[in-house]
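Okay, thanks for coming, everyone.

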Amino acid sequence: MLPIDLTGKRALVAGVADDNGFGWAIAKAFAEAGASVCVATWPPALNIFLNLLERGKIDESRQMADGSLLTFERIYPLDAVFDTLADAPEDIRENKRYKELGDFSIDGLAQRLVADFGAQPLDIVFHSLANGPEVKKPLLEVSRAGYLAASSASAYSLVSMVQRLGPLMRPSGSVCSLTYMASERAIPGYGGGMSSAKAQLESDTRVLAFEAGRKWGLRVNTISAGPYASRAASAIGIIQTMVQYCEVNSPLPQTLDAREVGTTAAFLASDLASGITGSTVYVDKGYHAMGMAVSMAPGAAPSGD
C-alpha cells in the first residue's frame with residue numbers, strides 16, 4: 001500500500017468559512033491523512049463560522065472516516081488583501097467585524113503562528129482564497145478598481161503568503177492553491193477580471209515554485225478544479241449552469257465532488273508527490289481536455305452514430 005500519510009505535519013488552510021466549499025474538503029482530507037490543521041477565515045465570516053462549530057450545526061460534515069470529528073488547532077482571522085495591519089484603512093480597522101480581532105493581515109497571521117507553535121510551525125499551506133467584487137460584470141464593463149481588487153485578493157495574496165510563510169515552513173514543505181480553467185479559456189459569465197486573476201495565479205505558481213524551491217526547498221502547485229456549487233461560488237450567478245454544462249460535456253459525465261479536490265490536495269502535500277512542483281493539476285472530470293460540447297441536454301451522451 002502507498003497511503004497518503006501526513007502524520008506529524010501541520011497544515012494551514014486559508015479560506016475556510018463554512019462546510020460547503022473546497023477549503024473545508026481540503027482541510028478535512030488533510031486531517032484524515034493525519035495532519036493537524038489550522039484554518040484562516042475572512043473576518044466578516046468568522047463569528048458565523050465559529051457559531052456553526054460551537055453549536056454543532058455542522059457536526060455531520062465534521063464526521064471523518066474513523067468516526068471522529070474534524071477539529072482545528074487554531075482558527076485565525078485573515079483578510080489576505082492586507083499584507084500588514086498598517087495597510088488596512090481606518091474604516092476597516094474600526095469596523096465591528098474587525099476591531100476586536102487584532103492583526104488580521106497576512107503578516108499578523110505569520111506572527112500568530114510563530115507565537116503559537118514556534119519558529120517553523122508549518123509543513124503545508126493551502127491558499128483557498130478568491131474574490132472579485134465585479135465578478136458578474138463582463139470584462140468590457142469592469143472598472144480598474146474591480147480588476148485590481150480581483151488580482152489582489154485572488155493572486156497577489158498567494159505571493160504575499162509565500163513571502164511571509166515560506167520562512168516558517170519546514171524542509172520539503174508544500175504550498176498549493178485553487179485555480180479555474182477560465183485562466184486559459186473564455187468562460188462567459190466568469191467576469192470581473194477573475195479570469196485574469198486566475199491566469200496570474202497559475203503564472204505565479206510556476207515562478208514561486210522556482211524561487212521558493214531554491215530558497216526554502218518548498219514545492220508550489222495549483223489545482224484547477226471544475227465548477228462546484230459552493231456558497232461562495234453562488235456570487236457568480238450562473239454556477240448551476242456551469243456545473244450542469246461541465247457534467248454533461250466532460251469525459252466522465254459526473255458532478256465533481258469536493259472530496260475529490262480534497263484528496264488531490266492531500267496527495268500533493270504528501271511525500272508521494274515529492275517530485276511535483278510548478279504544476280497545474282486538473283480535477284474536473286477531464287473537462288479541460290475537451291475541444292467541443294457534446295450536448296447541452298442533461299444526461300446526454302454521444303450516440304456513437
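Let's start with a question: where is the place of Asp204? Asp204 sits in helix α7, residues 194–216. Quick note on naming: helices (H or I, at least four residues) and strands (E, at least two) are DSSP runs, numbered from the N terminus.

Before going further, some housekeeping. This is a predicted model, where local features need pLDDT of at least 70 and side-chain atom pairs count only at pLDDT 80 or more, while totals for chains, interfaces and linings use all residues. Residues are numbered from 1 along each chain as its sequence is written, and side-chain values use heavy atoms, with hydrogens and water left out.

Back to Asp204. Asp204 is partly exposed because its relative accessible area is 22%; buried means under 20%, exposed over 50%, and partly exposed in between, with a 1.4 Å probe and protein chains only. Leaving aside residues up to four places away in sequence, Asp204 touches Ala155 and Val159, where contact means heavy atoms within 4.5 Å. Asp204 and Val220 are 16 residues apart in sequence, and their C-alpha atoms are 9.5 Å apart in space.

Now, the whole thing. The protein has nine helices and seven strands. Its C-alpha atoms fill a box of roughly 65 × 55 × 45 Å along the principal axes. For 305 residues, a compact globule would have a radius of gyration near 19 Å, and the protein has 19 Å, so that agrees. That radius is taken over C-alpha atoms, and the globule rule is 2.2 Å times the number of residues to the power 0.38. Buried residues make up 48% of the 305. Of the contacts with a separation of 6 or more, 76% come from residues 24 or more positions apart.

Next, a helix pair. Helix α5, residues 106–117, packs against helix α6, residues 144–165, at an angle of about 30°, with the axes 9 Å apart. The axes are lines fitted to C-alpha atoms, for helices over the stretch in contact, and angles run from 0 to 180 degrees between N-to-C directions. Who makes the contact? From α5 you have Ile106, Asp107, Ala110 and Leu113, and from α6 you have Ser157, Ser160, Met161, Arg164 and Leu165.

On to strand β2, residues 36–41, which is where Thr41 is. Is Thr41 buried or exposed? Thr41 is buried, because its relative accessible area is 0%. Its partners, not counting residues up to four places away in sequence, include Val16, Ala17, Phe49 and Tyr76. Ala17 is 24 residues from Thr41 along the chain, with 5.6 Å between the C-alpha atoms.

Most residues other than glycine have a negative phi. Ser172, in strand β5, residues 169–179, has a positive phi near 65°. At 52% relative accessibility, Ser172 counts as exposed. Lys285 has a positive phi too, near 60°, and is found in the segment after β7, 280–283. Lys285 is buried, since its relative accessible area is 13%.

Last stop: Glu141, in the loop between β4, 122–127, and α6. With a relative accessible area of 54%, Glu141 is exposed. Glu141 and Gly191 are 50 residues apart in sequence but 9.2 Å apart in space, C-alpha to C-alpha. That's my tour, thanks.
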